[in-house]
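The sequence and the model are shown first.

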Amino acid sequence: MNPRPPPYVETYYTASTQLLPAAPPLQGSVRTDICVVGGGIAGCSAALALAERGYRVVLLEAARLGWGASGRSGGQVLYGTALDQADLVQLIGADEARKIWDISLAGVALLKQRLQRHHIACDWVDGQMLTAIKPRQWQQLQRWHDELAQRYGYGSTRLIHRAQLGSLLATERYVGALYDANSGHLHPLRYTLGLARAAAEAGVSIHEASRALRFSNSAGKLQVHTDEGTVQCAQLVLAGNAWLGRTAPPLQRKLMSVASYVIATEPLGAPRAQQLIANNAAVCDTNWILDYFRRSADHRLLFGGRVSYSGLDARAVAPATRRRLLRVFPQLSDTRVDYAWGCLLDITLNRAPHFGLLAPNVYFLQGFSGHGIALAGIAGELVAEAIAGTAERFDVFARIPHRAFPGGMWLRRPALALAMLWYRLRDVL
């Protein structure tokens, strides 16, 4: 009897998407060139890029395609990484940091190309704003704008002073913003499923309800085991991120799964939604524990924020996140919340992405730290390049140093919580 895949978590995204038919679970033994574990953006991107290069690819997804953070996120498509570029320079040097910056821009460009090439309808909208709550943050945005232009030759941003910002955002919370015309936002579940559809059309064999329990690697021959089947392959790509679990314990020690929460209001109607965000940009503040929000295609406000270190707490999602929303838009106090959900993010200790190899034929992609829509897409392309024999861009990321979280889970969560407390205090000051 075939196992049934777990249902999607109810979100605004699942309610507004024509879901793909469930792919059959893996049963029996199959042979292929490459096995990809994980049906989110990174895994689907890697599978697509590998199939386009002529490889036979099997993709294993434990639940449904886009079931994790890839299909539940805030949908903001951004340059860079979750680690500030200046901190990245300190960590790996200016030359290496510049390469990562350039690759991140290539990730945004690749996403846009794939939307066109594969006819992925996912409500793409140009524009994103980083907002400052404190004068100190506004000064940091001004310095970053100058650095982008002078050091990186990036001319897509412009500063928006408080007097101008009032005509774009119907809130008094922010003292200024940095607008980027190259970034944007989209419907993340539709985008992820669009990548999966493109991968299947390119010849990828997709299996849902097929958790990779373990793998063995002997004399360069890999076997990946699920409940009811085995994949025999020459190369393996692990892209399960926060949900990889015990499949690869050395990787899990480098991650902390942190829950973030999103709500979707009732439809506000076009005039009211346009009044809130006149330019329809995605918005994110510059606090460490940040708020992020945007308009949906059907004129709702999608608002995310809060974090939890003890797993997802569905009961607290709507009221707590709504309180954060009302700090920004108190005029929405009469507005109903129609959907509320959470997702687990794969956070590294330094917030830099974590790519590399566990063995010469076992690659991994993880640690996007809430900054993964564009970066996870290009990560799949990089791992395909590396497998095909051109590893220069992949190796830039593999050289980023990463430390494990201390001790077991009972030490990990307090360690991260103490770090978050420090940054909360920094946000307030």
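The model is a predicted one, and in it Ala209 takes a positive phi of about 50° even though it is not a glycine. Most residues other than glycine have a negative phi. With a relative accessibility of 17%, Ala209 counts as buried, the cut-off for that class being under 20%.

Ser369 is another residue other than glycine with a positive phi, here near 55°. Ser369 sits in the loop between strand 19 (362–366) and helix 11, and its relative accessible area of 5% makes it buried.

## Helix 7

Helix 7, which runs over residues 188–201, has 14 residues and spans 20 Å from its first C-alpha to its last, close to the 20 Å expected at 1.5 Å a residue. Because 10 of these 14 residues are buried, helix 7 is largely enclosed by the rest of the structure. The buried set consists of Pro188, Leu189, Tyr191, Thr192, Leu193, Gly194, Leu195, Ala196, Ala198 and Ala199.

The cover over these buried residues includes helix 1 (12–15), helix 2 (41–52), helix 4 (94–117) and helix 11 (372–387), together with strand 8 (205–207) and strand 15 (292–295). Just after helix 7, Gly203 has a positive phi of about 110°.

Helix 2 has 12 residues and reaches 16 Å between its first and last C-alpha atoms, close to the 16 Å expected at 1.5 Å a residue. Since 11 of its 12 residues are buried, helix 2 is largely enclosed by the rest of the structure; among the buried residues are Ile41, Gly43, Cys44, Ala47, Leu48 and Ala51. Gly54 follows helix 2 and has a positive phi, near 95°.

Two packed helices are described by the angle between their axes and the distance between the axes. For helix 2 and helix 11, the axes come within 7 Å and cross at roughly 35°, and the crossing is right-handed. On the helix 2 side the contact is made by Ile41, Ala42, Ser45, Ala46, Ala49 and Leu50, which meet Ile373, Ala376, Gly377, Gly380, Glu381, Val383, Ala384 and Ile387 of helix 11. Sorted by class, this contact of helix 2 with helix 11 has 10 nonpolar, three polar and one charged residues.

## Nonpolar cores

Which residues have the most contacts inside the largest nonpolar core? They are Tyr79, Tyr191, Val237 and Leu365, in a core of 86 residues. Helix 11 gives the most to this core, contributing 11 residues. A second core of 28 residues is separate, and Ile133, Ile160, Leu168 and Ile277 are included in it.

Apart from neighbours within four places in sequence, Leu365 is in contact with residues including Ala42, Val237, His354, Phe355, Gly380, Val383 and Phe394.

## His354

His354, one of the contacts of Leu365, belongs to strand 18 (residues 354–359). His354 is buried, with a relative accessible area of 7%. When residues up to four places away in sequence are not counted, His354 touches Leu251, Lys254, Thr348, Phe364, Leu365, Gln366, Gly367 and His402.

Key:
Residues numbered from 1 in each chain as written. Predicted model: local features only at pLDDT ≥ 70, side-chain atom pairs only at ≥ 80, totals over all residues. Heavy atoms only, no water. Helix = DSSP H or I, 4+ residues; strand = E, 2+ residues; numbered from the N terminus. Expected span 1.5 Å × (residues − 1). Buried < 20%, exposed > 50% of the residue type's maximum accessible area, 1.4 Å probe, protein only. Contact = heavy atoms within 4.5 Å. Axes fitted to C-alpha atoms, helices over the stretch in contact; angles between N-to-C directions. Left-handed = near helix turned anticlockwise from the far one by under 90°. Nonpolar A, V, L, I, M, F, W, Y, C, P; charged D, E, K, R; others polar. Core = buried A, V, L, I, M, F, W, Y, C linked by side-chain atoms within 4.5 Å.
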